[in-house]
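Grab a pencil and work through these exercises with the structure open beside you. Try each task before you read its solution.

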Amino acid sequence: MIIAVINNKGGVGKTTTTVHIAHALQSQGERVLCVDMDDQASLITHFFGIKTTMALRKAAQEQSLPSIIQHNSGVDVLPLSFMEKGKDFYQKTIRIHAANYDHIFLDCPPSLEKRTFAALDIADSVLIPVEPDGLSVAGLNRLLETITEEYHTEILGLVITRYNAKKSAHTFFAKQIPQFYADYYIDIPIPDSSVFSAAATEGKSGYDYWKKKQLHPALQAYTDVANELREHRFTRSLMR
C-alpha cells in the first residue's frame, strides 16, 4: 500500500507523522519503506541526522539510482530528495521496490509541485496531517480538490497534528475540522510535544528517544493511527 503524506503547507508535521507511523508499523512486524520526496530532505535528517544527510546529498551526484538505507528502527528509507528528475523517474524508482513492502510512505514537499504530483500519480491513498490553525486549514479545500477531482486518489484520512489545548485557535479548529471534513477525519489528534524535535536532533524517532516505561501520549496517538492504517490495509486485501 503506497501512501502519500501530503499537505501544501509546511510545518504541519508531515515528516514527523511519516517517521512515527512508519516506526509504529515496523515494530508490529510490517515491512515499511519511507521515501523522502522533499528536496529539503527533512525525513532523512530526522532519521539519520545532518551529517549523514550531507553525505548522502554529495553521493547522489554520482548515482543514477539512490540506494535504500535502513534506520535503527528497521524502517527502510529511499532518498529521492537529492534526485532532480521528472515524474517518470520518481515513479519508476518507487515501483522497483514496491513489492518488497507492506507499506510505503511518500513524505512529500510542502507545496503542489512535480514531486507531489508524482506521488499522487503512484499512491494508492493519501494521508493529510493538518495543524488546527487558520493558515493550515485555509489550504485544505484546494488540496482536497486536487486529490479527489484531478487525481481521483483515495483519501485515507486527515489527522490533526501538533495539537495544543492551551491555544484557543487549536481548540476552535479542532472542533471545526471534524464537522467540515467528516468524511476524512481520523479522530486521533496528535498532541504537540517536544519529544519529536528532541528525537530528531539525535537522528531518532520519538519511540527510540522516549525510554520511560509509560508510553508518551503523543507516541501512543501515532501508534493508534498506525493501527488504523494497518486495519485499513487488511480490509482492502480482503476486498480484492
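This is a predicted model: local features need pLDDT of at least 70, side-chain atom pairs count only at pLDDT 80 or more; totals for chains, interfaces and linings use all residues.

**Exercise 1: Who pairs with β5?**

Find how strands β1 and β2 are joined to β5.

*Solution.* 
- Take β1 (residues 2–5) to begin with: four bridges join it to β5, and the two run parallel.
- For a landmark, look at Ile-2, which stands opposite Ile-104 in β5.
- Move on to β2 (residues 32–36). Five bridges join this strand to β5, again running parallel.
- Here your landmark is Cys-34, whose bridge partner in β5 is Phe-105.

**Exercise 2: Inspecting a helix**

Compare the reach of helix α4 with the expected span, then say what its buried residues pack against.

*Solution.* 
- Helix α4 (residues 87–98) has twelve residues.
- Next, list the buried residues of α4: Phe-89, Tyr-90, Gln-91, Thr-93, Ile-94 and His-97.
- The buried residues of α4 pack against β1, β2, β4 (76–79), β5 and α5 (114–122).

**Exercise 3: Rings and a charge**

Classify the aromatic pair of Phe-89 and Tyr-90, then do likewise for Phe-196 and Tyr-222.

*Solution.* 
- A search of the whole structure turns up five aromatic pairs.
- In the pair of Phe-89 and Tyr-90, the ring centres are 5.9 Å apart and the planes meet at 75°, so it's edge-to-face. Phe-89 and Tyr-90 are both buried.
- For Phe-196 and Tyr-222, you get 5.6 Å centre to centre and 75° between the planes, another edge-to-face pair.
- Phe-196 belongs to helix α9 and Tyr-222 to helix α11 (residues 217–239), so this pair ties together parts that are 26 residues apart in sequence. Phe-196 and Tyr-222 are buried too.
- One more thing to spot: the charged end of Lys-85 sits over the ring of Phe-89, 5.5 Å from the ring's centre.

**Exercise 4: A serine in a loop**

Where is Ser-205 found, and is Ser-205 buried or exposed?

*Solution.* 
- Trace the chain to the loop between α9 (194–201) and α10 (206–209), and there's Ser-205.
- Its relative accessible area is 0%, so Ser-205 is buried.
- Leave out neighbours within four places in sequence, and Ser-205 is in contact with Val-19, His-20, His-23, His-46, His-71 and Ala-199.

**Exercise 5: The whole chain**

Decide whether the radius of gyration agrees with that of a compact globule.

*Solution.* 
- With 240 residues, a compact globule would have a radius of gyration near 18 Å.
- The protein chain has 17 Å, so the value agrees.
- As for burial, 53% of the 240 residues count as buried.
- The chain has eleven helices and seven strands.

Conventions
Residues are numbered from 1 along each chain as its sequence is written. Side-chain values use heavy atoms; hydrogens and water are left out. Two strands pair if DSSP finds at least two bridges between them. Buried means under 20% relative accessible area, exposed over 50%, partly exposed in between (1.4 Å probe, protein chains only). Contact means heavy atoms within 4.5 Å. The expected span of a helix is 1.5 Å times one less than its number of residues. Rings of Phe, Tyr and Trp (its six-membered ring) pair if their centres lie within 6.5 Å; planes under 30 degrees apart count as stacked, over 60 as edge-to-face and the rest as tilted. A charge sits over a ring if NZ of Lys or CZ of Arg is within 6 Å of the ring centre and within 35 degrees of the ring normal. The radius of gyration is taken over C-alpha atoms; the globule rule is 2.2 Å times the number of residues to the power 0.38.
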